[in-house]
Amino acid sequence: MKPFIYIASLRRTGSTVLSEALTLLPYSFIFLEPKFGEEKFSIKKRDAEMFLKHGIDLEAFKNNWSGNKQKYIIEAFKRELMPHLASYVSQVGVKEIHHDGWRKYIQYFPEMKILLTGRDPRDIYISLFYRVKSGKGNFSGTFCPGAVADDLNKEFQKQLEMHKETDCLKIRYEDLCTNENLFDKILTFVESEIPAIGAIGSFNALNPKRQDEYELHGDQITDKRVNRWHHESDKNLVMEAQKTFDLMPEYCEFWGY
């Protein structure tokens, strides 16, 4: 098979659209936050149904490696499930937004290609604010600039570890949405052979909590949410977004904001 792909994202940094852009059967498939590195397997219903049509029972695999056996699930994923997936798709990967288990991935997939994603913290804050406010997104604890910055900085430190220890490609959300040549660079880096951009919008289209995003972007990569904080009418919200930005100097330097 082609190299395993690990999309190492922070929340609201375009990771879903990037995952979809890299998913085009039978060439490639990216699992959305399966959490293998955390000794779990979170399965999307649509993925289970799709693979079952091809004789691959993800639910049965998950159930077989539950309980006391669950701590071995990433090993089982490589040893048992990947050979079955290889009969149907040429390249497999995952997208995660929590990275405590990233080293487990690289332990079992040492040649994996890591894509780091980032976005202006002001836009992350505003995007996350509206998701939480509408009840369509989750955030643990009190939602405020300090808490959001702490959450982002924690996962950013894992991105830094990956960047220092492995070969990674950095992808800014703003560049993904505006630079037509970037996707070709991504395909080259992960050694993908997909002939076209993948199934963009498929997750949002089938998710009741993402209908607003599907109506905004459809099945395209758009720049409609780039520099969102510039166009935000709620001045207090913009001030909170700026506070988040100010609490993330190392992140902003790394990503060029």
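Author: Strand β2 (residues 28–32) and β3 run parallel, joined by five bridges. Strands here are DSSP runs (E, at least two residues), helices are runs of H or I with at least four, and both are numbered from the N terminus. Two strands pair if DSSP finds at least two bridges between them. Ser28 has Gln91 as its bridge partner in β3. β1 also runs parallel to β3, with four bridges. There, Ile7 stands opposite Lys95.

A word on the basis. This is a predicted model, with residues numbered from 1 along each chain as its sequence is written. Local features need pLDDT of at least 70, side-chain atom pairs count only at pLDDT 80 or more, totals for chains, interfaces and linings use all residues, and side-chain values use heavy atoms, with hydrogens and water left out.

Now the cover on β3. Strand β3 (residues 91–96) has six of its six residues buried. Buried means under 20% relative accessible area, exposed means over 50%, and partly exposed lies in between (1.4 Å probe, protein chains only). Gln91, Gly93 and Lys95 lie on one side, Val92, Val94 and Glu96 on the other, and all are buried.

Next, Phe31. Leaving aside neighbours within four places in sequence, Phe31 is in contact (heavy atoms within 4.5 Å) with Val92, Gly93, Val94 and Lys95, among others. Its contacts also include Phe41, Phe51, Leu58, Phe77 and Leu85. The largest nonpolar core has 55 residues, and Phe31, Phe77 and Leu85 touch the most other members. Such a core is a set of buried Ala, Val, Leu, Ile, Met, Phe, Trp, Tyr and Cys residues joined through side-chain atoms within 4.5 Å. Helix α4 (residues 73–86) gives the largest share of this core, seven residues. Another core lies apart from it, with 19 residues, among them Leu22, Leu115, Phe189 and Val190. In soluble globular proteins, nonpolar side chains tend to be buried together.

Then the rings. Phe31 belongs to one aromatic cluster that also includes Phe4, Tyr6, Phe29, Phe77 and Phe109. The structure holds 23 aromatic pairs. Rings of Phe, Tyr and Trp (its six-membered ring) pair if their centres lie within 6.5 Å; planes under 30 degrees apart count as stacked, over 60 as edge-to-face, and the rest as tilted. Phe4 and Phe109 are stacked, 4.0 Å centre to centre with 10° between the planes. Phe4 sits in the segment before β1 (5–8) and Phe109 in the loop between α5 (102–108) and β4 (113–118), so this pair links parts of the chain 105 residues apart. Phe4 is buried because its relative accessible area is 5%. Phe109 is buried too, at 9%. The charged end of Lys78 sits over the Phe109 ring, 5.6 Å from its centre. That label needs NZ of Lys or CZ of Arg within 6 Å of the ring centre and within 35 degrees of the ring normal. Arg119 has its charged end over the ring of Tyr173, 4.2 Å from the centre.

Last, a charged residue. Glu155 is found in helix α7. Glu155 counts as buried because its relative accessibility is 4%. Leaving aside neighbours within four places in sequence, Glu155 is in contact with Leu10, Ile97, His98 and His99. The side chains of Glu155 and Lys154 make a polar contact (3.3 Å). A polar contact is a pair of N or O atoms within 3.5 Å; within protein, one must be able to donate a hydrogen and the other to accept it, and residues adjacent in sequence count only if both atoms are side-chain atoms.
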